[in-house]
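This report describes selected features of helix packing and strand pairing. The sequence and structure are shown below.

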Amino acid sequence: MNGTAADVPIEHLLRDLTPQVLGSIVRRFRDFAAAEDAVQEASLAAAIEWPRAGRPDNPRAWLIQVANRRMLDHVRSESARRRRENEVALPPESAALDPALEEDDTLILLFMCCHPALTTASAIALTLRAVGGLTTAEIARAFLVPEATMAQRISRAKQSIRDSGIPFENPVPAERAQRLSAVLHVLYLIFNEGYTSSAGPEVRRADLSQEAVRLTRIVHSLEPGHTEAAGLLALMLLTDARRFARTDDVGELIPLAQQDRSLWDQGQIAEGVAIISATLPKGSVGHYQLQAAIAAVHDEATDASDTDWPQILALYDLLRRMSDNPMVALNHAVAAAMVHGASKGLELLDALQSDPRIAEHHRLDAVRAHLLELAGDSESAITHYRSAAGKTASLPERNYLLAQAARLSNADWQIPPPTGDC
Amino acid sequence: MKYILLMSGTQATCDWFTKWPKEDLKKNVAFMRAFSKELKDEGVFVASEGLAFPNQAKIVRAGSDGTPVTDGIFPESKEFLMGYFIVDVESAEQAHKIAARLSMAPAPAGTKERMPVEVRQVMSGPPEELG
């Protein structure tokens with residue numbers, strides 16, 4: 001991944017090089033927080049300098065050199081300030097700066113950024129900056145918060161890393177699996193944040209999904225034998241393949257069954273199917289692989305009516321055995337309804353009604369409404385569509401749910417406006 | 001998840017506030033500034049504004065030709081929005097805790113305002129897959 005081709009846009013090149021440069025600087029100075037700042041400054045300098053003066057022959061060496069200089073300045077001013085020489089020792093001059101000799105530190109960086117000591121929001125922000133190479137301003141825009149707030153979130157995350165003394169090295173073997181699953185979880189959340197964006201067409205949060213796919217690709221290439229990393233990559237590709245069909249031209253949601261399947265990205269579907277087909281036979285099946293398999297079954301149906309629901313139901317059965325997740329149980333109920341009829345699905349929903357984790361969730365009402373409609377009970381379906389609309393925190397989803405209620409109620413628009421001040 | 005913390009009050013609240021001793025007003029203003037700064041430092045601040053007292057506020061409706069028709073707001077009995085904070089947090093509980101901190105703004109004679117803060121989720125949550 002040298003990315004020195006002159007036709008790669010500078011911002012892509014910088015994003016690719018960020019973890020490599022950061023790894024090199026952290027290895028030399030052992031101070032992740034300061035190194036991360038230095039690398040961000042070097043990237044900003046490159047973004048200004050390269051278009052003007054031309055791209056250096058070895059962009060990575062250029063970035064390492066600039067970041068290294070920033071770090072030396074930082075270390076000198078720190079030691080001057082503290083007047084304590086042992087606190088911040090300068091690295092020996094002999095410490096290698098030869099970029100070609102260094103290993104890829106991307107995974108170690110991901111382990112740090114996704115450490116369980118951090119809050120989810122911090123881990124997401126830090127991962128996007130330290131490994132994804134996004135600027136604080138870009139991350140702030142993606143999450144619709146002020147830049148100062150995002151800067152503070154990142155700085156607090158780095159402070160937590162500093163305080164907890166997490167070393168810059170691979171986790172011990174006993175912890176590795178768990179830490180890698182934490183990394184995958186953060187990447188999954190970044191993907192979802194972009195994919196399920198409700199912020200309107202002018203905010204291109206789809207970039208977050210692409211960023212998550214890019215980072216997951218890197219993890220998959222570094223850990224090709226890790227079946228869940230492969231599963232997550234497949235899941236992202238198979239889900240993201242439907243992005244253009246998922247909303248209409250004004251941003252209203254279109255459910256899977258009604259999407260124009262000619263808009264699905266067949267290249268991405270083929271890639272996702274190939275990955276998941278090669279991964280499942282390896283035998284170490286996890287929830288990302290199963291979700292990817294489910295997405296693949298949906299994606300391979302040329303028409304909603306051709307969907308292989310018995311296979312999807314079988315996959316949800318496996319998923320449900322693997323994790324006690326009420327959302328999985330909910331989707332399982334939908335699949336059961338598609339195979340065995342709406343009444344079977346509704347029966348399964350009744351069992352979920354007593355689960356406090358989901359009893360008040362709008363999805364339970366929305367699914368119940370959908371199944372009631374399938375069962376021909378429009379009256380009750382309307383009630384539950386409206387109830388779901390009252391509980392969701394997503395505007396496009398509320399519009400969708402209200403539209404379903406309106407469609408069933410044949411509203412004749414004679415509803416009088418509310419009286420009095422409101 | 002973003003939440004808006006709505007501070008409301010009645011005309012009586014405004015009247016009470018205008019009668020506070022200068023030192024107490026200063027303390028309250030300093031509290032609000034410090035509170036904003038804390039939220040920024042915590043990485044959860046999104047936006048905040050305080051509103052002018054409702055005395056000059058108007059209710060506007062469109063007339064039949066679309067021109068604005070204004071009306072007074074008869075402040076005696078109503079609850080008014082006094083100001084708001086928007087925060088970006090990970091749970092409703094976290095938003096509630098922040099609202100409680102806001103509610104503890106200082107009032108005269110060493111007491112706390114303990115004003116009611118309405119906490120509402122901003123419709124910026126993600127839609128979920130509609131299967």
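How many residues has α8(A), and what distance does it reach from its first C-alpha to its last?

## Basis of the description

This is a predicted model, in which local features need pLDDT of at least 70, side-chain atom pairs count only at pLDDT 80 or more, and totals for chains, interfaces and linings use all residues. Residues are numbered from 1 along each chain as its sequence is written, while chains are lettered from A and ligands numbered from 1 in the order in which they are written.

## Helix α8 of chain A

With 23 residues, α8(A) reaches 33 Å from first to last C-alpha, close to the expected 33 Å at 1.5 Å a residue (1.5 Å times one less than the number of residues). Helices are DSSP runs of H or I with at least four residues, and strands are runs of E with at least two, numbered from the N terminus.

Buried residues (20 or more other C-beta atoms within 10 Å of their own, C-beta atoms being placed from the backbone) of α8(A) include A:Leu180, A:Val183, A:Ile190 and A:Gly194.

## Packing against α10

The axes of α8(A) (residues 173–195) and α10(A) (residues 227–240) come within 10 Å and cross at roughly 5°. The two helices are therefore roughly parallel (angles under 35 degrees).

Among the residues that meet are A:Leu184 and A:Phe191 in α8(A), and A:Leu232 and A:Met236 in α10(A); contact requires C-beta atoms, placed from the backbone, within 7 Å.

## Strand pairing in chain B

Strand β5(B) (residues 80–88) runs antiparallel to β1(B) (residues 2–9), joined by 8 bridges; pairing requires at least two DSSP bridges. B:Ser8 stands opposite B:Leu81 in β5(B).

Strand β2(B) (residues 45–50) is also antiparallel to β5(B), with 5 bridges. There, B:Ser48 has B:Phe85 of β5(B) as its bridge partner.

Definitions and conventions. Axes are lines fitted to C-alpha atoms, for helices over the stretch in contact, and angles run from 0 to 180 degrees between N-to-C directions. Angles under 35 degrees count as roughly parallel, over 145 as roughly antiparallel, 65 to 115 as roughly perpendicular and the rest as oblique. Two residues are in contact if their C-beta atoms, placed from the backbone, lie within 7 Å. A residue is buried if 20 or more other C-beta atoms lie within 10 Å of its own, exposed if 12 or fewer, and partly exposed in between; C-beta atoms are placed from the backbone.
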